[in-house]
Amino acid sequence: MSALEDRLHEALGAEGASRAPSADLFTRVVDSIHGDARRRRRRRTAIALWATGAVLSVAAVVTLTPRGEDGLHMPWWILEVATNAVLLAVALWLGPFIKRFGRAYAADVFHDNPLTGKSYIVLTDIVYYLIFAAYILFSVHFAPQQEWGNEISEHVTAEQLTFEVGRVGGILLVIGILHGLNIVLMPVLGRLFSLNRRLPGA
């Protein structure tokens, strides 16, 4: 080895020898492993609960739906209630999912204003749930519609099924567009807040 390599080796070796390992290193590693295991268990439990709820819901609908000679005669309100339940389930699942992966992004954007970043996340959560609640209330129906073609039979038709699927797709589209705009605008807001803090007399 050259003289420079020898000096680097000695310097690094001396620095490593002077630093003793942390006394609680093993404890922290064990806690981290246990924390990962707990998170995996919670994730598996949540997936199992959602799957069980979906299976029970389908079984209840199939069991409670009246049957005729030509098959199931599902009343229109069963599909309406099921669609509202799906919208609520999507809201309760999608909100925390977006928030969990958005915390690190918000912390990076608002690194000069951590409290502002936390407040921004809370405010976007409020907006998110308000949009979901307003969408459900605006699109819910309490009687068969003429365009569904089931005013007399009051059974589910292809037109009603198309409408209900459109409700679910519509809220996903709205949330997707707003979430995309939020991703684009958040760095701009973070930059503006950072510049405001750095201005003299601010």
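Q: What makes the residues of α3 and α4 meet, and which are they?
A: Contact means heavy atoms within 4.5 Å. In α3 the residues include Glu 80, Leu 87, Leu 94, Lys 99 and Ala 106, and in α4 they include Ile 121, Asp 125, Tyr 128, Phe 132 and Ser 139. The residues of this contact divide into twelve nonpolar, four polar and three charged; Ala, Val, Leu, Ile, Met, Phe, Trp, Tyr, Cys and Pro count as nonpolar, Asp, Glu, Lys and Arg as charged, and the others, Gly among them, as polar. The model is predicted: local features need pLDDT of at least 70, side-chain atom pairs count only at pLDDT 80 or more, and totals for chains, interfaces and linings use all residues. Residues are numbered from 1 along each chain as its sequence is written, and side-chain values use heavy atoms, with hydrogens and water left out.

Q: Why are α3 and α4 called roughly antiparallel?
A: Helix α3 (residues 76-109) and helix α4 (residues 114-139) pack at an angle of about 165°, with their axes 11 Å apart. Angles over 145 degrees count as roughly antiparallel, so α3 and α4 are roughly antiparallel to each other.

Q: What makes a nonpolar core, and which residues form the largest?
A: A nonpolar core is a set of buried (under 20% relative accessible area, 1.4 Å probe, protein chains only) Ala, Val, Leu, Ile, Met, Phe, Trp, Tyr and Cys residues joined through side-chain atoms within 4.5 Å. The largest has nine residues: Leu 87, Val 90, Ala 91, Leu 94, Tyr 128, Phe 132, Ile 136, Ile 171 and Ile 175. α3 gives the most to this core, with four residues.

Q: Which residues is Phe 132 in contact with, leaving aside its neighbours within four places in sequence?
A: Phe 132 is in contact with Leu 87, Val 90, Ala 91, Ile 171 and Ile 175.

Key:
Axes fitted to C-alpha atoms, helices over the stretch in contact; angles between N-to-C directions. Helix = DSSP H or I, 4+ residues; strand = E, 2+ residues; numbered from the N terminus. Parallel < 35°, antiparallel > 145°, perpendicular 65-115°, else oblique. Buried < 20%, exposed > 50% of the residue type's maximum accessible area, 1.4 Å probe, protein only.
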